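The stops below are meant to be selected one after another.

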Amino acid sequence: MPRHTRTVKEQAKVDLSKIPAHVERVNVSGLLRTHNDYVMKAAEGLFKARNFQDVMIESMNAKSYLHELGIFKDVQVRIDVSKGENASPNGYEITLKGQELSRLVGSVGTEVGQNEGSLRTELSIPNILGRGESISLQGSYATTRANELQLKFWKSFFHTRFVENRPEVSFSIFRHVDRMDVSSFQNAKSGFVADFSVNTLLPFELTHSIQYEASRRDLSLLLKQVPFAIREQCGPKLASLLRYSVIYDQRDNPVFPTQGLMVKSVNEYCGLGGNVAYMSNTTHAEISIPLVAGLVAQICGRVGIIKETKNTTLLPISNLYYCGGPLTLRGFKYGGAGPMVEGTSIGAQTHWATGFHLWGPLPFNHVFKGLANNFRTHLFYNCGGFNSFSTENMRSALGVGLAFKLAERARIEMNYCIPVRKYATDKPVNGFQFGIGYEFV
């Protein structure tokens, strides 16, 4: 009878979970400006390891945790057997060697907004007090709408026992200029924002953000001939508001999800001071359902409401809702499916839009291999309305297109649109329409 010999590949297979091991010592080196207590939580999971597989997994978790603290440029992990008189046979020593960020860090890049791209520069001083605090000066310039300059102080509390809740605080001084060509005005806003954000895990994971904003708003005209409904909004105003946002996101991918639900709600109450007063809510939701052969059905919806308070004299036009555009109601220009005065969009107090989508992979996607994963084909039907939740003044459009993923956060759409229901005052787009952004309906 021939002897059964194990191949080299079979001999190489080792079940690491059956090798007993525990960590006796953890060293974190490379700390120059950082206090020791800020990195101590990195070792907690390592001391709970009971086999070599746990040691390796917890070592990678510790490395990821140190990266998230925002103080290291690079972190290396070394696993070695314990040495010394009191070392046990199954004991290991873990060394996490970090390279702290420079005292001054700069970056230049591009950023994708809602249907616009911008050049962004940032200069930051990280870890200024030794526990992850940072100060940054950020500037962005867009050729179409928004320009911004911001000085921000940021502090995380990932090193505390609330690490799973990821609490953060920040304080910002800013100047933001938003150009609204569809309404022929420009809104310059200067002020400060205090922000606190935290995650809650029960009964399900939510991301919360509470902000206080105090600002000076100055609305000016871009043209001489502008409707009075816009002209009466001109001049400086003071605003003091609270903003609360909450996000529930269980999608498997933020750009091209194949399954999962996402709900985002932003609530504002303005009128704690100054001469601007209103309260508003904007809610966006989407759900994706996998079908067959890589097809995904998706339903999206968005509702926005802004109302007067007892202190309201005039609702700010910069906070009204502009209906239509490649990110909401495709087949119409931005603001081209809402209220008009003398051919100029003036925004609406309420707005709703829904989208029904069928996403699919590229034909012959196996030929393009990895590159094809960045593309999706697209069939859609959009409908929406303003100042009423009935279907009496509803607009709608359908079409087909191609979408491209940008950096795991945004996407570009090129769609051929056919407006189905429109009105004489609308500004439809019957043909190709280009859209770029990170939140679509």
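Helices (H or I, at least four residues) and strands (E, at least two) are DSSP runs, numbered from the N terminus. The model is predicted: local features need pLDDT of at least 70, side-chain atom pairs count only at pLDDT 80 or more, and totals for chains, interfaces and linings use all residues. Residues are numbered from 1 along each chain as its sequence is written, and side-chain values use heavy atoms, with hydrogens and water left out.

**Two positive phi angles**

Select Ala-293, in the loop that links strand S13 (278-290) to strand S14 (296-307). Although Ala-293 is not a glycine, its phi is positive, about 55 degrees. Most residues other than glycine have a negative phi. Is Ala-293 buried or exposed? Its relative accessibility is 71%, which counts as exposed; the classes are buried under 20% relative accessible area, exposed over 50%, and partly exposed in between, with a 1.4 Å probe and protein chains only.

Asn-127 is another non-glycine residue with a positive phi of about 55 degrees. Asn-127 is buried, at 1% relative accessible area.

Select Asp-195 in strand S9 (residues 185-200). Asp-195 is buried without a salt bridge, that is, a side-chain nitrogen of Lys or Arg within 4 Å of a carboxyl oxygen of Asp or Glu. Lys-152, the nearest side chain of opposite charge, is 6.8 Å away; Lys and Arg count as positive and Asp and Glu as negative, while His and the chain ends are not counted. Display Gln-211 as well: its side chain makes a polar contact of 3.0 Å with that of Asp-195. Such a contact is a pair of N or O atoms within 3.5 Å; within protein, one must be able to donate a hydrogen and the other to accept it, and residues adjacent in sequence count only if both atoms are side-chain atoms.

Continue to Pro-203, in the loop between S9 and strand S10 (206-221). The peptide bond from Leu-202 to Pro-203 is cis, with omega about 0 degrees, whereas most peptide bonds are trans.

**The open sheet**

Finally, display the open sheet of 3 strands, ordered S1-S3-S2 with mixed pairing. Strands pair if DSSP finds at least two bridges between them. Strand S1 (22-29) and strand S2 (72-81) are the edge strands, each pairing on one side only. S2 and strand S3 (residues 91-100) run antiparallel, joined by 9 bridges. Select Ile-79 to find its bridge partner in S3, Ile-94.
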